[in-house]
Structure formats: C-alpha cells, structure tokens
Amino acid sequence: MLRLSLRLLPAPPTAAWIVLAISVAFNAITWTRVAKKGAVEWKGYSYVGDDYPRELPVQLDFVGMTFENSEHYRATGDLDTWTEWQTLTHMFPQGHASVRLGPEGREFNVSMFTQLECIETLRQALIYGPNARSGICLNYLRQAVLCASDITIDAMDTKDDDGNLIGTDGVGSTHVCRDWSRVYEYVTENQKESHWALPTTTM
C-alpha cells in the first residue's frame, strides 16, 4: 500500500494573515471594478485636470477579423478614396469623433480615431509629401502598435527568387479584436446628448 508523507507547514503569524487578507480584498475589489465595465469604474470623477477615467465607459466584446486586401482605403488622391477615409472618423452628428464626458461636458478625443486620423495623415504624406504632423503620427502609431501587442501569428508565404521564405503580407490571418462597432455607437449616441450644447471649455 502506498503511503503518503504529508508535512504540515507552520502557521504564519497573525500579522501576515491580516496583510494577506487585506491584499486579497483589495485585489478582489479592483478586479470587480475592472470586470464590471471592462475598464476602471468611470463614475465619481471630477473631469478636472487629470481626474478622469482612462477609457470610455463602454464594454467591448471580443470579435474576430480576418485580414484581407481590399479595393477600398487606397493610397490614391481621388475623391472616392478621400471620402472613404473621411467616413472612418467624421461621419458623426458633430462631424468629428470626439466625446463629451462629465458634468460640464469636457471634450476628449478617442485614441482609436486619433490612430485612424494618423493613418490618413500618412496616406496623404505618401501622395503630397510629409509635413510636421506626419512625424507625430508615425510615432503615435508606433506606440499604439506596441500598446496593442497583437500576437496573432502570420504564416510565412512570401518567397524570394531562390524560393526562400522571407516574409508575409498577413492576409488570411484571423485576429481577435475588441468590437470597434460599439465604439462608433457610443460616440454617435454621446454626440446626441444635451451637453454638446455647452460651450467648449478647457479644464
């Protein structure tokens, strides 16, 4: 018969138990706040100075997107292409993609739309040449890509003249994304609210 030898660990001192209990409770409260909204709880902020939430108060589900080449959103200077890019960031009740939050209706940009506008800035730089904004946008997008840290793997399918695999265009890979359509819905509804009648203020 197999016998197991068990060794009881000495009980930690009372002070350690108290510290452990406080730590567990604090982490549980923090996790509850994060899980409830998908971000830190957004109520209770003054929206003055730096006292505002880091994200929109909207829960985003996860969705899949299979990357593909498209005939749309090209790097050309024709009117149709310009219109397509503009619809990504300007087809809102106020004509732009910012929101107003807090009791005084403080105005904020949303990073997703800032990133899209930066892509449009770089697209125009390819056509008309770079400007000061181009460099700012390039650095902003660099940080956004690192922040997202998309670890989807892309199969190597591009070969050189000798048949060696040298890269991939990423087409056909399915990525797990946050549901961007909810962001559009939130911004649209936000811009219909009464605080958009207030004058723009800096806090």
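Let me start with Ser173, which is buried in this predicted model, its relative accessible area being 10%, and since we call a residue buried under 20%, Ser173 falls on that side of the cut-off. In terms of where to look on the screen, Ser173 lies in the loop that runs between strand E5, residues 165-167, and strand E6, residues 174-178. Leaving aside residues up to four places away in sequence, Ser173 touches Met65, Thr66 and Phe67, and also Thr152, Ile153 and Asp154. With Asp154 there is a polar contact as well, the two side chains being joined at 2.6 Å.

Now to helix H4, residues 132-148.

The buried residues in H4 are Ser134, Cys137, Leu141 and Ala144. Because they cover an arc of only 90 degrees around the axis, they sit on the same side of H4. In general, an α-helix has 3.6 residues a turn, so residues three or four places apart point the same way. Helix H3, residues 111-128, is included in what covers the buried residues of H4, while the face turned away from that buried side carries Ala132, Ile136, Leu146 and Cys147, which are exposed.

Finally, the two ends of the helix. At the start of H4, a side-chain oxygen of Asn131 comes to within 3.0 Å of the backbone nitrogen of Arg133, and just after H4, Ser149 adopts a positive phi of about 45 degrees.

Methods. Residues numbered from 1 in each chain as written. Predicted model: local features only at pLDDT ≥ 70, side-chain atom pairs only at ≥ 80, totals over all residues. Heavy atoms only, no water. Buried < 20%, exposed > 50% of the residue type's maximum accessible area, 1.4 Å probe, protein only. Helix = DSSP H or I, 4+ residues; strand = E, 2+ residues; numbered from the N terminus. Arc of directions from axis to C-beta. Contact = heavy atoms within 4.5 Å. Polar contact = N/O pair within 3.5 Å; in protein donor to acceptor, adjacent residues only side chain to side chain.
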